[in-house]
Amino acid sequence: MGVITTAVDDVVEKEFREFVEMKYGKGKGVLGKATTEAYQKLMEEDKQERVRRNGLEILNRGFHLGKRLWKT
């Protein structure tokens, strides 16, 4: 398990601690659990955004499906 030390705005810290207490209650490890969940969500959202952007780039470039090999 890694340890990350960060500086957070006082207002954000207070709101985050209140949110964590409301969602997980008080107890050992709840801040770590909530922080890990927040990091995972942030990374997943970024990954989905990159997938979306790449898909749109492919669609905008267009793609060749080959030629029709039969007569209608």
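A: One term to begin with: a helix here is a DSSP run of H or I with at least four residues, numbered from the N terminus. Also, this is a predicted model.

Q: OK. Which helices supply at least two residues each to the lining of the largest pocket?
A: Helix 1 (10-24) and helix 2 (30-61).

Q: And which gives the most?
A: Helix 2, with six residues of the lining.

Q: What volume does the largest pocket have?
A: About 670 Å³. The pocket is lined by 16 residues, and those closest to its centre are T6, F16, L31, T35 and Y39.

Q: How does the lining split by class?
A: Nine residues are nonpolar, five are polar and two are charged.

Q: Switching to packing. At what angle do helix 1 and helix 2 pack?
A: The angle is about 100°, and the axes are 10 Å apart. Angles of 65 to 115 degrees count as roughly perpendicular, so helix 1 is roughly perpendicular to helix 2.

Q: Which residues make that contact?
A: Helix 1 brings F16, R17, V20, K23 and Y24, while helix 2 brings V30, L31, K33, A34, T35 and E37. By class, the contact has six nonpolar residues, one polar and four charged.

Q: New topic: how many salt bridges?
A: The count comes to seven. One of them joins R17 and E13, with the closest N and O atoms 2.9 Å apart.

Q: Where do R17 and E13 lie?
A: Both are in helix 1, four residues apart, which is about one turn of the helix.

Methods
Residues are numbered from 1 along each chain as its sequence is written. This is a predicted model: local features need pLDDT of at least 70, side-chain atom pairs count only at pLDDT 80 or more; totals for chains, interfaces and linings use all residues. Side-chain values use heavy atoms; hydrogens and water are left out. On a 1 Å grid over the protein atoms alone, a cavity is a set of points where a 1.4 Å probe fits but cannot get out, and a pocket is an open set with protein on both sides within 12 Å along at least five of seven lines; lining residues have an atom within 4 Å of a point. Grid points are joined across faces, edges and corners, and a volume is the space filled by probe spheres set on the points. Ala, Val, Leu, Ile, Met, Phe, Trp, Tyr, Cys and Pro count as nonpolar, Asp, Glu, Lys and Arg as charged, and the others, Gly among them, as polar. Axes are lines fitted to C-alpha atoms, for helices over the stretch in contact, and angles run from 0 to 180 degrees between N-to-C directions. Angles under 35 degrees count as roughly parallel, over 145 as roughly antiparallel, 65 to 115 as roughly perpendicular and the rest as oblique. Contact means heavy atoms within 4.5 Å. A salt bridge is a side-chain nitrogen of Lys or Arg within 4 Å of a carboxyl oxygen of Asp or Glu.
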